[in-house]
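Please read the numbered points beside the sequence and the structure.

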Amino acid sequence: MSSVNIINKTAGWNLQHTYGKLPSGFFSYRQPIPVKDPKTVILNEDLCKELGLDFSDFPSQEIAQLFSGNKTPEGSQPLAQAYAGHQFGNLTILGDGRAILIGEQKSSNGSLVDIQLKGSGRTPYSRGGDGRATLKSMLREYLISESMHHLGIPTTRSLAVVESGESVYREKSQSGAILTRTAQSHIRVGTFEYARHFLSLEEQKELTNYTIERHYPILIAEENPALSLLKAVMERQVTLVVEWMRVGFIHGVMNTDNMSIAGETIDYGPCAFMNTYSLKTVFSSIDVNGRYAYGNQPYITHWNLSILAGALLPQIHTEQKQAIELAQEALNSFRGIYQEKWLAMMRGKLGLMETEASDKPIIEDLLALMQQFGADYTNTFAALQTGDFSGEAFFEASAFQEWYLHWMKQVTKNGRSLEEVQTSMAQYNPYFIPRNHLVEEALDNASLNNDYQLFKELNKILKTPYIPDPSKFHFQSPPPNGDTGYQTFCGT
Ligand code: AMP
Ligand code: MG
C-alpha cells in the first residue's frame with residue numbers, strides 16, 4: 001500500500017456538516033479513537049453505489065483504516081451527538097456514547113445521509129461504557145438492518161463492518177468491531193427531550209426548524225411548526241410500526257432515544273422476528289414485563305409520541321394549557337390513524353381488495369386461530385399465498401379449513417380469480433425473514449470461528465425475501481423446537 005496511490009483516488013465523498021450548524025449544546029466535536037489492527041469483514045457495495053461511493057480501487061487495508069475511524073475521509077468533521085431518552089419509561093441523559101458522526105454524504109439526488117461509526121471509542125457521553133462494540137452485535141445489526149431494508153421497511157442501513165483487532169469485555173472477552181451506519185439522520189425523540197431539558201427555547205426551535213428542513217420540507221411554511229412536526233412524525237411512526245407488525249418484527253427496546261424522527265427503524269440491539277404468532281412475544285432478556293412485546297409496539301409508539309409532544313409543548317403554544325390541548329388533540333388521532341393503516345396492511349396480506357367492513361372479522365378470526373394453534377406467522381401467510389399447505393398441523397384443523405372457505409369466498413366474490421388475489425398478496429408476505437436460530441448460528445460461526453459462509457448466505461437470501469426459492473426451504477423453517485428459551489440481549 002502506498003499513500004501516494006491513495007491520495008490520487010477519491011472514493012466519491014461529498015460530506016456536508018449541517019448538524020454542526022446547530023447550537024453547540026447539541027454535540028461535541030470528537031475524533032474516533034484509533035484501533036489496533038482493523039480488518040474489513042464486510043463492505044456493502046450496493047449501498048456504496050447508492051451513496052455515490054466507490055472503493056473498488058482502494059487497497060483493502062485502506063478501506064479498513066477508513067471504516068474503523070483510524071483515518072477519516074476527506075472533508076469530515078467528526079462529532080458525537082447529545083440526546084436524552086426515556087429508557088423503559090425513565091428519563092435518562094444519554095448521547096452517542098460509542099458513535100461518531102463523520103458527516104452527511106450528499107447523494108446525487110441531493111439528499112443527505114448520515115455516515116456514522118458505531119463502536120468508535122469513548123465520547124463525552126459514554127458514561128460508564130467503553131465506547132466499543134462486539135463483532136457479533138455489529139454483524140447482527142448489519143444482517144437485520146439490511147434485511148429490513150430489503151423487506152421494504154424504512155431503516156438505518158449498514159455500510160461496513162470492520163474488526164478492530166482488539167478485545168472488548170462483556171462478561172467474557174470478545175472480538176471488537178466498528179459498524180458504519182447510514183441514516184436519514186440520527187435525530188431522535190430523545191434529541192427533542194434533551195433540547196427541552198437543557199437548552200433554551202430558541203435552541204429548541206432551531207432543532208425543530210432544522211428537522212423540518214431536513215425531513216419534512218413540506219412543513220416549512222406551517223403556522224405552528226412544532227405542532228405540524230408532531231403530526232408528521234406521528235404519520236411516519238405509525239407507518240413504521242405497522243410495517244413491523246406486517247413482518248413480525250419485534251424491536252425489543254423502543255426507548256425514546258431509539259425512535260428516529262425521520263421514521264426509520266434504528267437500533268438493532270435485542271430485536272428479533274416472531275416465529276409462532278402471539279401478541280405477547282418478547283425475546284429481550286431485560287424486558288421482564290413485556291413492555292416492548294410484539295403486540296405492545298403500537299401502544300409504545302403512541303407513548304413515545306406523547307413524550308415528543310411533551311418536549312415540544314413550549315413551542316406549540318406560549319400558554320401551557322393551550323399547548324397541552326393542541327398536543328392532546330393531535331395525539332388523540334393516533335388510534336384512528338393506526339387502525340386504518342393496520343387494516344390496510346392486513347387487507348394487503350390477505351388479498352382483501354375491496355375494503356369491505358366484513359373484512360375485519362376475517363382478519364381477526366385468522367389471527368385468533370393462529371394464536372390458538374401456535375401457527376408460524378410468516379409461513380401461514382406464505383401458504384395462503386402459494387396454496388401449498390403442507391407441513392403445518394394448523395392447516396389440518398377444521399377451524400382453519402372453515403376459515404379458509406370463508407376467506408376464499410370473500411376474496412373471489414367479485415369474480416376475481418384466486419390466482420389474481422394471491423399475486424396481489426405477494427408484496428406483503430415475505431417468504432424469508434431472518435429466523436432467529438439461523439441468525440444466531442450465522443453470528444456465532446462468524447464471530448467465534450471466522451466462518452462467514454452462513455452469514456453471507458443469509459445476507460444474500462434476505463435480499464429477495466418476496467421471491468420463493470424451493471431450494472432454500474431450510475431458511476423458511478422455524479426452529480424445530482420452537483422459540484422456547486430464546487433470548488436476545490441489549491446487544492453491545
Ligand atoms: P442502546 O441500548 O444501544 O440504545 O444505547 C443506549 C445508550 O448507551 C446510548 O447513548 C449509547 O451510546 C450508550 N452506550 C451503549 N453501549 C455503550 C458502550 N459500550 N460504551 C459507551 N456508551 C454506550
Ligand atoms: Mg440506541
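**Ligands and selected residues**

1. The shell around ligand 1 comprises two nonpolar, seven polar and eight charged residues. In this division Ala, Val, Leu, Ile, Met, Phe, Trp, Tyr, Cys and Pro count as nonpolar, Asp, Glu, Lys and Arg as charged, and the others, Gly among them, as polar.

2. The model is predicted: local features need pLDDT of at least 70 and side-chain atom pairs count only at pLDDT 80 or more, whereas totals for chains, interfaces and linings use all residues. Residues are numbered from 1 along each chain as its sequence is written, chains are lettered from A and ligands numbered from 1 in the order in which they are written, and side-chain values use heavy atoms, with hydrogens and water left out.

3. Gly95, Gly97, Arg127, Gly131 and Asp267 come nearest among the 17 residues around ligand 1; a residue is near if one of its heavy atoms lies within 4 Å. An oxygen atom of ligand 1 lies 2.8 Å from a polar side-chain atom of Arg127.

4. Asn258 (OD1) and Asp267 (OD) coordinate the magnesium ion, ligand 2, at 2.0 to 2.2 Å. Donors are N, O and S atoms within 2.8 Å of the metal (3.2 Å for Na, K and Ca), and the site may look incomplete because water is not among the atoms. Both Asn258 and Asp267 are buried, that is, under 20% relative accessible area, with over 50% called exposed and values in between partly exposed (1.4 Å probe, protein chains only).

5. Asp96 belongs to the loop between β6 (90-93) and β7 (99-106); strands are DSSP runs (E, at least two residues), numbered from the N terminus. Its relative accessible area is 2%, so Asp96 is buried. Beyond four places in sequence, its contacts (heavy atoms within 4.5 Å) include Tyr83, Tyr125 and Arg188.

6. Is Lys118 buried or exposed? Lys118, in strand β8 (residues 112-118), counts as buried because its relative accessibility is 7%. The side chains of Lys118 and Glu141 form a polar contact of 2.7 Å (a pair of N or O atoms within 3.5 Å; within protein, one must be able to donate a hydrogen and the other to accept it, and residues adjacent in sequence count only if both atoms are side-chain atoms).

How values were computed: Helix = DSSP H or I, 4+ residues; strand = E, 2+ residues; numbered from the N terminus.
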